[in-house]
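Try each task by yourself before you read the solution.

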2 protein chains.
Amino acid sequence: MTKRGWTGEIRILPLAVDGEIRPGDSLSGRLLAAAKRAQLRFQDGDILVVKHKVVSKVEGALVALDEVRPSAWSRAWGRRFGVDARVTELALQESRRVVRQKSRVLITETRHGFVCANSGVDVSNVDGGRHAVLLPEDPDRSAGRLRAEIKKKLGVEIAVVVSDSFGRPWREGLTEVAIGVAGMRPLTDYRGRRDPHGYSLHATVDAVADELACAAGLVCGKLAGTPACIIRGFPYRRGNGSGRELIRPAKYDLFR
Amino acid sequence: MTKRGWTGEIRILPLAVDGEIRPGDSLSGRLLAAAKRAQLRFQDGDILVVKHKVVSKVEGALVALDEVRPSAWSRAWGRRFGVDARVTELALQESRRVVRQKSRVLITETRHGFVCANSGVDVSNVDGGRHAVLLPEDPDRSAGRLRAEIKKKLGVEIAVVVSDSFGRPWREGLTEVAIGVAGMRPLTDYRGRRDPHGYSLHATVDAVADELACAAGLVCGKLAGTPACIIRGFPYRRGNGSGRELIRPAKYDLFR
C-alpha cells in the first residue's frame with residue numbers, strides 16, 4: 001500500500017494507563033484496559049506505538065543503582081562532569097562502542113546497534129532515582145509479543161512500534177525514534193518510482209516508523225502518564241519488519 | 001500550555017491541492033481552496049504544516065538547470081560519481097560550508113545554518129528535471145506570511161511549520177524537519193521540572209516542531225499531491241518561534 005491517491009485523515013489516539021506499570025505486569029492487558037476506559041477499540045490496521053520505558057519496566061529491564069559498582073573511569077568521569085557515575089557505568093556496560101565523549105555527553109552504540117546518549121539508560125520517570133531503566137533486550141521481540149497478544153485477545157491485526165527519545169547531531173531537542181517494530185515495513189522506498197512529472201526519484205527512502213514514533217510523541221508526553229497511543233488511518237505496508245532496518249550500517253555511515 | 005493532564009486526540013487532516021503550484025500563486029489561497037474542497041475549516045489553534053517545496057515554488061526559488069555553469073570541481077565530482085554537476089554546483093552555491101563529502105553524498109551547511117544533503121537543492125517533483133528548487137530564502141518569513149494571510153482571511157490564529165525531508169547520521173531513511181516556524185515555540189523544555197516520582201528532568205527538551213513535521217510527513221507524501229496538512233488538537237505553546245532555534249550551534253555540536 002502506498003501514499004498515492006490516498007487522501008484520508010490520520011488520528012492519534014492517546015492511551016492513558018491507570019497507575020504505575022511494574023515488572024511482571026501484562027502490558028497488553030494494561031493497554032487494553034486503557035483503551036476501554038477511553039472507549040476505544042483496536043481496529044485492523046491500527047498502529048500501536050509504545051514508549052520503550054513501559055516495555056522495559058514490565059520486562060524487568062531495571063537496575064538498582066545502589067548495586068552498580070562504577071569503574072575508576074566512570075567515577076572519574078562522574079566527578080569531572082557532575083554526572084552519576086553509576087549511570088555512566090551502566091551506559092558503558094550496555095554499549096559496544098563509544099561514538100563520542102565530551103563534557104557531560106556520552107554517545108554510545110548500544111549492543112543492539114542504536115547510536116544514542118548513555119546507551120538509552122534513563123533514570124527519569126522510573127522511581128525517583130533508585131532504579132535506572134535499560135532499553136529492552138530485544139525491542140522487536142517486545143513489539144512482536146504485544147502484536148501477538150492483541151491479535152490473540154481481540155482477533156485484530158495491528159502493527160506495533162516501540163519508541164524512545166533520541167538526540168541527534170546538528171539539531172536541538174529530542175525526537176522519537178522506532179527501536180522495535182512488528183507487523184509493518186519501517187521504511188518506504190520510492191527509489192525507481194517516478195514523480196508526477198516523470199522524474200525518477202533517486203534517494204527517497206522514508207523512515208515511516210520513525211515518523212510514526214514522532215507523531216506518537218505528540219501525545220505520549222514525558223509527564224502525562226500516557227505511554228502509548230493508537231495511530232489510525234495510516235496505510236502502512238504490512239509484513240515483517242525490524243527496528244534494526246532503521247540503523248544505518250557503520251560502513252555507510254559518515255559520522256561514526 | 002503543556003502536555004500535563006492532557007488526554008485529547010490529535011488529527012492530521014491532509015490538504016490536497018488541485019493542479020500544479022506555480023511561481024506567483026497565492027499559497028494561502030490554494031490551501032484554503034484545498035481545505036474548502038475537503039470540507040475543512042481552519043480553527044483557532046490549528047497547526048498548518050507545509051512542505052517547503054510548494055513554498056519555494058510560489059516564491060520563485062527555482063533555478064533553470066540549463067543556466068547553471070558548473071565549476072571545474074563540480075564537473076569533476078559529477079563525472080566521478082555520476083551525479084548532475086549542475087545540482088552539485090547549486091548545492092555549493094547555497095552552502096556556507098561542506099560538512100562531509102564522500103562518494104555521491106555531499107552534506108553541507110546551508111546559508112541558513114541547516115545541515116543536510118546538497119543544501120536542500122532538489123529536482124524531484126518540480127518539472128521533470130528542467131528546474132531545481134532551492135530552500136526558501138527565509139523559511140520563518142514564509143511561515144509568518146502564511147500565518148498572517150490566514151489570520152487576515154479567516155480571523156483565526158494558527159501556527160505554521162514549513163518542513164523539508166532530511167537524512168540524518170546513524171539512521172536510514174529521511175524524516176521531516178521544521179525549517180520554518182511561526183506562531184509557536186518549536187522546542188518544549190522540561191528541564192527543571194520533575195517527573196511524577198519527584199525526579200528532576202535534566203536533559204529533556206523536545207523538538208515538537210520536528211515531531212509535528214514528521215506527523216505531517218505521514219500524509220504529505222512524495223507522490224500524493226498533498227503538500228500540506230492541518231494538525232488539530234496539539235496543545236502547542238504559542239508565541240514567537242523560529243526554525244533556527246532547532247539548529248544546534250556549531251560550538252555545541254559534536255558532529256560538525
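**Exercise 1. Describe how helix 6 of chain A passes helix 6 of chain B.**

Step 1. The crossing of these two helices is left-handed, a label used when the near helix is turned anticlockwise from the far one by less than a right angle (right-handed if clockwise). Helices here are DSSP runs of H or I with at least four residues, strands are runs of E with at least two, and both are numbered from the N terminus.

Step 2. Now look at who touches whom. Helix 6 of chain A contributes A:Glu211, A:Cys214, A:Ala215 and A:Gly217, and helix 6 of chain B contributes B:Glu211, B:Cys214, B:Ala215 and B:Gly217. Being in contact requires C-beta atoms, placed from the backbone, that lie within 7 Å.

Step 3. Sort these residues by kind: 4 are nonpolar, 2 polar and 2 charged. In this scheme Ala, Val, Leu, Ile, Met, Phe, Trp, Tyr, Cys and Pro are nonpolar, Asp, Glu, Lys and Arg are charged, and the others, Gly among them, are polar.

A note before you go on: this is a predicted model, in which local features need pLDDT of at least 70 and side-chain atom pairs count only at pLDDT 80 or more, while totals for chains, interfaces and linings use all residues. Residues are numbered from 1 along each chain as its sequence is written, and chains are lettered from A and ligands numbered from 1 in the order in which they are written.

**Exercise 2. Find what strand 1 of chain A pairs with.**

Step 1. Strand 1 (residues 10-15) of chain A is joined to strand 1 of chain B by 3 bridges, and the two run antiparallel. Pairing needs at least two DSSP bridges between the strands.

Step 2. Pick out one bridge: A:Arg11 has B:Arg11 as its partner.

**Exercise 3. Work out how chain B can be laid on chain A.**

Step 1. A turn of 180° with a shift of 0.0 Å along the axis does it, with an RMSD of 0.0 Å. The superposition is by least squares on the C-alpha atoms of residues with pLDDT of at least 70 in both copies.

Step 2. This is therefore the relation of a two-fold axis.

Step 3. Both copies use the same surface, as 100% of the contact residues of chain B recur in chain A.

**Exercise 4. State how many residues of chain B are in contact with chain A.**

Step 1. The count is 67 residues of chain B, against 67 of chain A.

Step 2. Strand 9 of chain B gives the largest share of chain B's side, 7 residues.

Terms used: Contact = placed C-beta atoms within 7 Å.
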